[in-house]
Every structure is written in C-alpha cells, then in structure tokens.
Amino acid sequence: MAKNIIEFRNVTKRFPGVVANDNISFSIKEGEIFALLGENGAGKSTLMSMLFGLYQPDEGEIYVRGKLEHIDSPAKAASLDIGMVHQHFKLVSNYTVTENIILGIEPIKRNLGFLPAVDINKANAKIEELSKTYGLEVKPTSVIKNLKVSEQQRVEILKMLYRQAEILIFDEPTAVLTPQEIDYLLEIIRNLRDKGKTIILITHKLEEIKRVAERCAVLNRGRLMGILDVATTSTKEMARMMVGHDINWEIEKKPAKFGETVLRVSNLTVENEEKLKVVKNVSFEVHRGEIFAIAGVAGNGQVDLADAIAGLAKATEGTVTLLGKDITHAHVRERNTLGLSYVPEDRHNVGLILDFTLTDNLVMKNYFKPPFCKGSILQKQQCYAYANQLIERFDIRAANGGDTLVRSMSGGNQQKAIIAREISENSDFIMFVQPTRGLDIGAITAIREKMIEERDNGKAVLLISLDLDEIMSCADTIGVIYNGELLRIAEASKISKNEVGEYMMGVKTDG
Amino acid sequence: MDKKNNKPKAFWLLRIFGGKWQFLTIPLLSILFSLIAISIIVLLIGKNPLTTLTSLLQGSGWLPKATYAAHKNMFTDFTEFLDAMTPMLFASLAVIVAFKAGLFNIGVSGQMLLAGFMATIFIGYSSLPSALAWPLVILVGIVMGAIVGGFTGFLKYRFNINEVVTSIMLNYIIQYVVSFFINTRYVDAVSRQSRAINPAARLTIVNFEANDLRFRIPLCFVVAILAAFLIYLLFSKSRQGYEIKAVGLNPKAAKYAGISVGKNILLGMTLSGALAGLAGVTYYLGYYNTIQPNTLASMGFDSIAVALLGNSHPLGAIFSSTLIVTLTKGSTYMSSIVGVRQEIASLITGMILLFSACRAYIKYKVDLKLSTSQAKGSERGKV
C-alpha cells in the first residue's frame with residue numbers, strides 16, 4: 001500500500017465570523033488522485049491554501065511525507081514540492097510561455113565566461129521536453145496573451161512541473177473550459193498520476209470526480225463529512241453529502257410559448273478601447289417567453305455584446321431595438337426605464353457598489369423615481385421598506401438587513417441582491433451574464449429556476465454563459481459566439497452539447 | 001466572570017472599541033496615543049508635558065490664562081480661535097465633498113487664493129457699505145472657487161485628465177498670476193503685501209467692543225457650521241448626494257445604474273471649489289485683510305489632513321478642525337510660556353495624523369479579535 005504523503009491532523013482555521021475549517025483530519029496517499037468536494041464556502045480552498053502556505057492553521061498540524069511541517073509561505077510549499085494551479089491564472093500576459101515558467105528560477109549562463117544572462121534556449125528545450133513527456137501541448141515561445149484559456153492552464157501546469165512539484169493542487173480547473181477541453185485536461189491529470197505525481201483536485205463538479213478521482217473528501221460548511229471511495233459511491237450520494245440534503249438536479253421546464261419580438265439586434269459591431277472589433281456583425285432576436293442563450297469560451301466578445309445592448313459600450317455599427325424603439329444610442333437610464341434589466345458578469349465592479357448598504361444597492365435602479373424620491377429628497381423609509389420586501393422575497397441573507405454593507409456579504413447573497421433588483425424592475429427584457437458563476441448548487445438551482453419563471457411570465461430573457469450545462473438546461477434557443485461572431489443559432493432541442501462545444505472552439509463553422 | 005471561559009482578558013476593551021461607538025472611540029484612542037507619544041518627547045526635552053498641553057488649550061481660549069493683556073480675556077481668545085477655524089472648516093469641507101465624488105482636490109489653496117484675490121480687488125478695495133459688501137464678498141468667493149474647481153472637474157470629465165495634476169498646476173498658475181498683479185498694482189510699499197482692504201468689507205469684525213473687552217467676531221463661523229450640516233444632509237438625504245457618492249465609490253456601477261458620471265464629477269468638483277472659495281474669502285478677507293504674494297496658504301493642504309482626521313465626514317470635520325486649529329492657534333502661547341519651540345505644535349499635529357492613520361489597522365484588529373472570540377464563544381456553547 002502506498003504511504004501517506006500528506007496528512008491533516010485536527011486542522012482548524014477561523015476567519016472573522018466563520019469557522020472555515022473545523023477540526024479536519026485526513027490523509028492523502030502518494031500517487032493518487034484525491035478530490036476535494038464541497039460547495040462554495042465549504043472550506044476547500046482555505047484548506048488547500050494552508051497546504052500551499054497562504055494561510056496558517058489556527059489549530060492542528062500538517063504532515064508532509066510523515067514530517068510535521070510549518071508551511072508559512074508558498075516558497076516553503078514549493079520547497080516541499082507542492083505546486084498549485086489557481087483558479088485565476090497567475091501569468092504575465094505579455095511574456096512568453098518560457099519566460100513565465102522560469103520566472104524567479106531562471107537558468108543562468110555566462111557569456112564570454114563571465115557575463116550573466118538568462119539561458120532562454122536551454123529553458124525552451126527543457127520545457128519542450130516536459131510538455132512532450134506529459135502530453136501538455138504548448139509552444140514555449142508563444143506569448144501568453146495570444147493563448148487560449150486552456151493553453152494558459154497548461155502553462156500553469158508546466159510551471160509546477162518545471163519546479164519539480166510532486167504534489168499538484170488543481171483549484172476548480174474545469175470552470176472555464178469547453179467539454180472537449182475538459183476531456184483533454186482530465187487525460188493530462190491521469191497521465192500525471194501515472195508518472196507518479198500526487199494530484200489534489202478541488203471541484204464541485206461530481207461528474208469529473210467520478211471520472212478521474214480514486215478517493216474524495218467531502219466538506220460541508222467547514223466540516224469534513226467523510227472520505228469516499230469514488231468507484232463505489234454514486235454521484236447522488238456524493239451530492240447529498242456535499243449539500244447536506246437531497247437535491248433536485250433536473251430543472252422543471254414547461255414548453256416555451258414564444259410571443260412578439262422584444263429585443264432585436266441587427267448587424268451589431270462593437271469595438272473595444274484599442275479599436276479592435278470584438279463583436280462582429282451580430283444579429284439575433286429575443287421573443288417574449290424565450291430564453292435565448294449565447295454560449296462561448298470566455299473572451300469571445302460576450303461581455304462587449306451585453307454592454308453594448310445595455311448602453312455601457314458604444315455600438316460602432318448596427319442597431320439595437322427594444323420593444324420597437326431604436327435604442328442604439330440611447331442613454332443607459334432611458335433603456336432601463338424602457339424595460340431593460342441587466343445582471344452583469346462583474347458583480348463587484350459593475351453590478352454593485354460594495355461600500356453602499358444593501359438598501360442603497362437594491363434601489364440603485366429606481367432611487368430617482370417616486371415613491372423613493374420626492375422632489376430631490378430620498379425617502380429613506382420607502383427605500384427600506386422596498387429593500388426589506390426584496391430581502392424577504394429573494395431570501396437574501398445579510399447580517400444587519402438593509403443596513404449591511406454589501407462588501408461584507410457572501411458572493412452568493414451579493415448575486416441574489418443583483419438578481420432581486422433586476423427582476424423586481426419588472427422589465428420586459430432581462431439579460432443575465434454568467435449569473436451562477438462561482439455560486440453553490442443551491443443558489444445555482446434557485447437562479448436558474450428564477451430565469452425560467454421570468455420566461456414563463458412572458459419576459460424575454462438573454463442568457464450569456466460560459467457554463468455549457470447551464471445553457472443546455474435553460475435555453476430555448478442557443479447561439480454560439482466565437483471570436484465576436486455568432487457562428488450558429490439553433491433551437492436548443494436541435495443541437496447537441498458536443499456540437500455547441502465544437503462551435504465554441506471555432507472548429508465547426510458551417511451551418 | 002468564569003475565569004476558564006475563552007474570552008480574552010480585555011474583553012471589555014474590545015466592547016468599547018468594537019461596538020457601535022467605534023467611530024468615536026477609535027479616533028479618541030488615536031488622539032490619546034499621540035498625546036502619550038508627545039508627552040514622552042516633551043519629557044525628553046526636559047519640559048513638563050502637562051503644562052505644555054494645557055498651555056496649548058490656554059492659548060486658543062479653552063482654558064483661562066494666568067494673566068491677560070488689556071481688553072482681553074479667555075472669551076476674546078476663544079472668538080479669535082473661531083476666526084481661525086472658520087476658513088479651515090470650509091477648506092476641509094471642500095476636500096470632503098471632492099472625496100465623496102471620488103476626487104482628490106489638492107487645489108484648495110489655489111482656489112482659496114483666486115477667490116480671495118478677486119474678492120479683494122472687486123469688493124475689498126471698493127467703498128461699499130458692509131450690508132452690500134459682505135454678501136458680495138461671499139458671492140465672489142463662491143463663484144471664483146466654483147469656476148476653478150469646475151474647470152478641474154470639466155477637464156477630468158471631458159478629457160480624463162487627472163484632477164490632481166490639473167489642480168497642482170492651477171495652484172502654480174494662480175499663485176504666480178495673482179502675485180504678478182499684487183506686486184505690480186496692489187502692493188503696499190511698507191508691508192510688501194497687498195494693500196489692506198476696506199474694513200467694511202471684512203468678514204471678521206475686529207475690535208468689537210463690549211464690556212471693556214475687544215472681540216474679533218467671525219461673521220461666517222455660523223455659515224461654516226451650517227455648511228457642514230448642509231453637506232451632511234446632501235449626502236445622507238438627497239438624490240444628488242446619492243448620485244455623487246455612487247460615482248465616487250464605483251463609477252462603472254454608477255454608469256450601469258444610469259447615473260451620468262461626467263455630470264456628477266463636474267458637480268462634485270464645482271461644489272468643492274465653491275467651498276474652497278468660501279475658505280478663501282474668510283481667510284484673506286476675514287482672518288487676514290491682506291494677501292501675501294508668492295505664497296499659497298498652507299491651510300489648503302492642512303485641510304486634507306483635517307478632512308481625513310474627521311473620517312471624511314462633514315460633521316467629523318467640525319471636530320477635527322477644532323482640534324487642529326486649537327493646536328496651531330495655541331502654539332504661540334505655548335512656546336512663550338513653556339519655552340519649547342512653536343514647531344512642537346506641528347509635531348503634535350503630525351503625531352495625531354500618524355496615529356489616526358493607524359485607525360483602520362486598529363479597527364481591523366479589534367474586529368478580528370471580537371469576531372474570533374465570539375466564534376469561539378459560540379462553539380463552546382454548542383459543545
């Protein structure tokens with residue numbers, strides 16, 4: 001039997017107001033794929049951050065290779081051959097692959113016997129060799145910003161391998177990948193295990209665990225619920241353990257009843273700040289009672305498209321028509337009052353003012369109208385009453401009710417606040433961009449049900465998401481965006497998940 | 001109390017600094033720290049810290065002095081203190097309004113100078129009676145300050161030029177242009193400053209006699225206090241205040257909510273300039289009655305510190321300007337009585353600012369301690 005390479009003994013970590021990890025003990029064997037399963041906020045990332053030296057446990061001990069270690073910095077973790085692929089990549093975007101990988105541990109050669117210089121050729125060769133050994137296809141001389149997300153991830157993996165990491169931590173590695181890319185990544189992970197590495201996989205996607213992992217630890221609200229043998233446990237059981245109760249996977253959805261056209265986008269072209277065309281000649285329509293979903297890999301113009309519809313970005317060509325009115329050049333407020341609601345991708349920088357109270361955020365779209373404002377005086381009582389109503393209706397959890405600073409709320413509740421505000425506007429057209437990103441299963445289901453409910457109420461819904469499962473389970477019509485172009489628009493029932501995935505990668509271009 | 005429970009030793013201390021009076025207790029704590037630090041320094045010089053600190057209060061009219069000159073007593077000292085505090089309060093309000101709009105108005109000094117200069121040459125050198133001159137001085141001050149501030153805001157909103165750069169450059173431009181005109185046209189041959197203004201136009205009544213005492217009466221002190229309350233109401237109750245705050249805290253989200261970002265930047269900066277203009281006229285046509293060429297009032301920069309000390313809150317500014325002006329005003333008396341250098345007062349000011357800059361850290365520590373001890377407490381309760 002393989003020996004334990006890592007052992008957590010009674011590890012506890014507290015943050016203001018929460019116990020992130022509560023008396024956790026388990027061990028990981030050398031050369032296995034060990035999954036860490038739990039909802040957001042269950043404490044997975046905190047636990048791994050302690051192993052990686054970003055936090056120190058308040059109580060308890062961490063043993064690496066049977067030895068008690070105080071991992072007080074990532075450098076210490078690296079010296080113990082522990083490496084981590086973070087959810088948000090840490091790469092210098094205008095450096096090449098090699099430059100990123102060797103950053104901090106550059107191989108030095110001496111020109112003319114004494115002039116020190118980075119031996120880039122040697123590094124290139126070594127990385128080339130590493131990428132061949134582990135099947136991590138990437139060109140060492142390409143510049144990061146020209147690489148796809150999946151390729152950047154491979155660079156992150158190579159970075160660990162170059163540093164001779166033996167224990168590899170993957171933090172939600174599949175969150176931003178297409179189905180085909182996920183297959184490829186899981187293959188890489190298996191390959192790494194076969195070469196003798198120990199893999200720790202942090203995820204909340206059960207299917208992936210089922211596919212690659214041998215054992216799996218389930219965390220719920222900071223507590224270890226149990227260690228499961230993946231092969232003999234059903235996904236249903238895992239899910240129940242993770243959430244703490246049975247959950248309904250399938251979302252009930254009545255057949256769609258399309259009404260009149262609410263939003264019409266024709267030949268829309270949008271340029272970014274560098275005058276590059278990021279949305280190219282896009283046309284589509286959204287009807288009442290329809291969820292029109294746009295699928296695509298991150299950074300293919302989705303956010304720019306949404307911003308142009310909402311009035312946050314300028315349309316260079318083409319028109320946007322809402323309820324028969326041309327709003328291509330209308331002011332944001334004009335669009336909002338006409339009947340546009342928008343749940344933006346960036347909750348913290350666009351959707352909310354974090355240093356405002358929950359109440360102030362909930363009235364952000366209608367503070368200027370009666371009854372919230374009379375003359376130019378805000379009616380605080382009315383605002384509070386309205387906020388309390390939304391807090392109750394949408395089950396927004398906040399420590400001090402309407403007076404809570406939004407910054408102090410959890411991500412899920414922040415998103416609930418935005419969705420509550422936007423849906424309560426009662427607009428005919430609602431746009432959701434990445435509405436469930438980073439949320440736990442309970443919140444995800446609730447939000448998807450809300451979208452479908454709005455559709456059934458005769459609203460036109462535009463859903464832009466990177467999560468293909470979300471699109472497949474909610475959409476009535478699917479459009480696939482690639483490199484700023486809508487490659488394909490199809491009825492959801494007439495296009496398969498794999499087909500959508502192929503369009504997302506630009507592999508398939510014909511209708 | 002059960003000794004074995006997990007509460008930290010000084011739990012009552014946490015209560016004081018972590019509770020809802022935190023906004024008051026933590027600044028007081030930082031003032032206390034700075035007083036301790038300054039006492040140590042005074043002791044090292046070999047003087048008595050207690051007399052040093054009380055002499056500061058005596059010098060600014062909070063405590064009675066041992067002896068007074070003719071026609072003076074503690075009360076006349078106090079009105080003099082209020083006279084000095086008036087422009088400081090306006091100036092710090094100017095900084096606060098800009099902060100709320102997410103802008104840093106470092107050009108308060110320049111705005112003050114231009115407002116003071118224009119009011120001096122148009123009204124101060126006229127022979128208008130007080131009833132006309134006073135409102136006109138104030139009006140000119142507001143308008144000139146608003147123009148300079150508004151121009152800075154316009155450049156920011158139209159061309160996205162950083163307001164710090166603009167206002168520092170405007171400071172220089174105004175300083176040299178105003179000095180040129182003072183030196184060539186309005187200079188007093190003896191004092192080398194601008195000629196003194198007509199007393200009827202001055203916003204401070206000097207030598208107001210009553211009960212054999214001679215008072216200085218700062219006419220605009222009440223206006224300044226009123227302004228603080230109005231600004232407070234603007235930001236807590238009005239639609240406009242909500243919009244300015246939204247733009248200041250997160251312009252992207254403000255735009256998303258349909259708020260016009262440019263308009264509010266312009267508005268915030270104009271309002272800030274107008275308040276700086278009021279500071280200018282109460283300074284150059286109130287506290288003083290002349291303008292010294294080639295210098296910017298240091299008050300314009302001190303007001304930034306005062307605004308921060310007051311937690312960027314309009315009512316907090318009343319307290320912080322009281323404190324800082326007490327120190328500067330009392331420093332002359334302190335140095336003559338105790339025999340320490342006047343600069344010690346600046347040192348105290350510096351210490352207070354230093355310690356109040358640590359406020360966020362203290363708050364963070366206290367909140368952390370408090371919540372972990374509560375978490376432990378509740379855990380214990382469960383088991």
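Predicted model: local features only at pLDDT ≥ 70, side-chain atom pairs only at ≥ 80, totals over all residues.
Me: Where does Asn211(B) lie?
Reply: Asn211(B) is in the loop between strand E1 (204-210) and strand E2 (213-218) of chain B. Its phi is near 55 degrees, a positive value in a residue other than glycine. Most residues other than glycine have a negative phi.

Me: And what about the phi of Asn483(A)?
Reply: Phi of Asn483(A) is near 55 degrees, again positive in a residue that isn't glycine. Asn483(A) sits in the loop between strand E23 (477-482) and strand E24 (485-491) of chain A. It counts as partly exposed, because it has 15 C-beta neighbours inside 10 Å.

Me: Which peptide bond is cis?
Reply: The one from Pro370(A) to Pro371(A) is cis, with omega near 5 degrees. Pro371(A) belongs to the loop between helix H12 (358-362) and strand E19 (373-374) of chain A.

Me: Switching to helices. What span should helix H6 of chain A have?
Reply: Helix H6 (residues 179-194) of chain A has 16 residues, so at 1.5 Å a residue it should span 22 Å. Its end C-alpha atoms are 23 Å apart, which agrees.

Me: Which residues of H6(A) are buried?
Reply: Glu181(A), Ile182(A), Leu185(A), Ile189(A) and Leu192(A). They cover an arc of only 100 degrees around the axis, so they are on the same side of H6(A). On the other side, Glu187(A) and Asp194(A) are exposed.

Me: What covers the buried residues of H6(A)?
Reply: The cover includes strand E3 (33-37), helix H4 (120-134), helix H5 (149-162), strand E9 (167-171), strand E10 (198-203) and helix H7 (206-212) of chain A. H6(A) is followed by Gly196(A), with a positive phi near 100 degrees.

Me: OK, domains. How is chain A divided?
Reply: Into domain 1 (4-243) and domain 2 (261-354 + 427-504). Their C-alpha centres lie 33 Å apart. The contact between them takes 9 residues from domain 1 and 13 residues from domain 2. On the domain 1 side, the residues divide into 4 nonpolar, 4 polar and 1 charged.

Me: How many residues are in the largest nonpolar core?
Reply: There are 244. Those that touch the most other members are Leu51(A), Met431(A), Leu463(A), Leu93(B), Ala94(B), Val137(B) and Leu275(B). Helix H11 (residues 261-287) of chain B gives the largest share, 15 residues. Domain 1 and domain 2 of chain A both give residues to this core, so it lies between them.

Me: What is Leu93(B) in contact with?
Reply: Leaving aside its neighbours within four places in sequence, Leu93(B) is in contact with Ala227(B), Ala228(B), Ile231(B), Leu275(B), Pro314(B) and Ala317(B).

Me: And how many residues does each chain give to the contact between A and B?
Reply: Chain A gives 24 residues and chain B gives 19 residues. On the side of chain A, helix H10 (332-339), helix H11 (347-351) and strand E20 (377-378) are the elements that give two or more residues. The residues on that side divide into 15 nonpolar, 5 polar and 4 charged.

Me: Last one: where does Phe33(B) lie?
Reply: Phe33(B) lies in helix H2 (residues 22-45) of chain B. It is partly exposed, with 17 other C-beta atoms within 10 Å.

Terms used:
Residues numbered from 1 in each chain as written. Chains lettered and ligands numbered in written order. Contact = placed C-beta atoms within 7 Å. Helix = DSSP H or I, 4+ residues; strand = E, 2+ residues; numbered from the N terminus. Nonpolar A, V, L, I, M, F, W, Y, C, P; charged D, E, K, R; others polar. Core = buried A, V, L, I, M, F, W, Y, C linked by C-beta atoms within 7 Å. Buried ≥ 20, exposed ≤ 12 C-beta atoms within 10 Å, placed from the backbone. Domains from an automatic or database assignment. Expected span 1.5 Å × (residues − 1). Arc of directions from axis to C-beta.
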